[in-house]
Amino acid sequence: MSTWFPIWNEIKTLEAAGLLVPLALRVPGDAGRRAMFLTADLSAALAATNLGQAEIFRYMALRARLEHFVTSPVITKAYLKPLRPEADCVWEIVNRSPKPSLRVFGLFATRDVFVATNHQLRSALGGIDTPQWKQEIRQARSEWRRLFQDDKVIRFDPLRGRLDEVISGAVYV
Amino acid sequence: MYENAIEKISDEDISYFRERNRNRVYAAVTGVFLRLVEKESLTKREIAFRLGKEPSQITRWLSGPSNWTLDTISDLLLAMGAELEHSAVLMSEKSAPSIRHPLMDGIRQCNVIELNPIGSDLPDRTAGTNAAYFEAKVG
């Protein structure tokens, strides 16, 4: 982990400007194996206080699910999925409970560094390849371009690539 | 004295820790599975056979913890010849993290009380750590 990548400087600049927010761990002592940054909007959604009980449960479960990315020694393909079209390099973090569950979209800045850009209720997305999915993927990509202004994103070939190209501890179960 | 320290746990914490613990147990069980895949070429089909289940059921179980019950955990571990070693630690006594991603250096760890004030008599939140919290509440 000793290499410092140029894009990390950009991330730090965006963080200082309040445009990206690091996902800080809630429980002291947890290992920070990887890093996740949230857009300011997504971070605000996770920290919102004016929610009903069902939303509180949904968002706090999501928060724990996102922290799993940072802390877990293993990440399975069911947790993190590359979305089509692969040229967009957008990934989905899957959270299945409580129902209706939330999905988080984002892109990898480098291996083990994920920038979460937007989220949506799974129930609002419909089947695979619906316009709603495409809209979320487009939004993720446009958030990325707004932040980084070019294509420094990690590319991944879902057919030939292996998950451990983008994340340590990747396993196929 | 202890009675005074009892406060209702927030919905935020309840929800967060349910999911956190689901994920942690899931990581432990899949970790055993992966070890055995590597060491003994264990397959999901073998686990299914041992449990009298369809292989697709094992695939579903191993794909995520959202529907796991204690029985699921017990069945999966038993089929792998494993079990959980049970130990619970006080969060206030957890040691410092041994691994820290360089991008997260300098990021202050948030904690349970910082996000979810659950009463007006909380200790100073800006200086708050879980240890300080529990000392203030229980000590």
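Guide: A:Asp112 is found in the loop between β6 and β7 (113-121) of chain A. This is a predicted model, and every value below is computed from it. Phi of A:Asp112 is near 70 degrees, which is positive although the residue is not glycine. Most residues other than glycine have a negative phi, and most peptide bonds are trans.

A:Pro98 has its place between β5 (91-94) and β6 (102-110).

Next come the helices of chain A. Two packed helices are described by the angle between their axes and the distance between the axes. Helix α1 (residues 6-16) and helix α4 (residues 131-148) of chain A have axes that come within 10 Å and cross at roughly 90 degrees. Angles of 65 to 115 degrees count as roughly perpendicular, so α1(A) is roughly perpendicular to α4(A). On the α1(A) side, the contact is made by A:Ile7, A:Glu10, A:Ile11 and A:Leu14; on the α4(A) side, by A:Trp144, A:Leu147 and A:Phe148. Six of these residues are nonpolar, none is polar and one is charged.

Chain B has a helix pair of its own. The axes of helix α3 (residues 44-51) and helix α4 (residues 55-63) of chain B come within 8 Å and cross at roughly 110 degrees. That makes α3(B) roughly perpendicular to α4(B), and the crossing is right-handed. From α3(B), B:Lys44, B:Arg45, B:Ile47, B:Ala48 and B:Leu51 take part; they meet B:Pro55, B:Ile58, B:Thr59, B:Trp61 and B:Leu62 of α4(B). By class, seven of the residues in this contact are nonpolar, one is polar and two are charged.

Helix α3 (residues 53-71) of chain A packs with helix α2 (residues 11-40) of chain B at an angle of about 35 degrees, and their axes are 8 Å apart. This crossing, too, is right-handed. Among the residues that make the contact are A:Phe57, A:Met60 and A:Arg63 of α3(A), and B:Ile14, B:Tyr16 and B:Arg18 of α2(B). The contact of α3(A) with α2(B) has seven nonpolar, four polar and eight charged residues.

For the two chains as a whole, the contact takes 44 residues from chain B and 44 residues from chain A. The area buried between them is about 3800 Å², and carbon and sulfur atoms give 65% of it. B:Tyr16, together with B:His101 and B:Leu103, supplies 19% of the area that chain B buries against chain A, more than any other three residues.

Last is the confidence of the prediction. The predictor gives the complex an ipTM of 0.87 and a pTM of 0.84. Chain B has a mean pLDDT of 78, with 72% of its residues at 70 or more. Among the elements of chain B, α3(B) has the highest mean pLDDT (98), while helix α7 (residues 130-138) has the lowest (35). Over residues 111-139 of chain B the pLDDT is below 50, and this stretch has 48 contacts in the model beyond near neighbours in sequence. Where pLDDT is low, the predicted coordinates should not be read in detail.

Methods
Residues are numbered from 1 along each chain as its sequence is written. Chains are lettered from A and ligands numbered from 1 in the order in which they are written. This is a predicted model: local features need pLDDT of at least 70, side-chain atom pairs count only at pLDDT 80 or more; totals for chains, interfaces and linings use all residues. Side-chain values use heavy atoms; hydrogens and water are left out. Axes are lines fitted to C-alpha atoms, for helices over the stretch in contact, and angles run from 0 to 180 degrees between N-to-C directions. Helices (H or I, at least four residues) and strands (E, at least two) are DSSP runs, numbered from the N terminus. Angles under 35 degrees count as roughly parallel, over 145 as roughly antiparallel, 65 to 115 as roughly perpendicular and the rest as oblique. A crossing is left-handed if the near helix is turned anticlockwise from the far one by less than a right angle, and right-handed if clockwise. Contact means heavy atoms within 4.5 Å. Ala, Val, Leu, Ile, Met, Phe, Trp, Tyr, Cys and Pro count as nonpolar, Asp, Glu, Lys and Arg as charged, and the others, Gly among them, as polar. pLDDT is the predictor's confidence in each residue, from 0 to 100. Buried area is the accessible area (1.4 Å probe) that two parts lose on being put together, summed over both.
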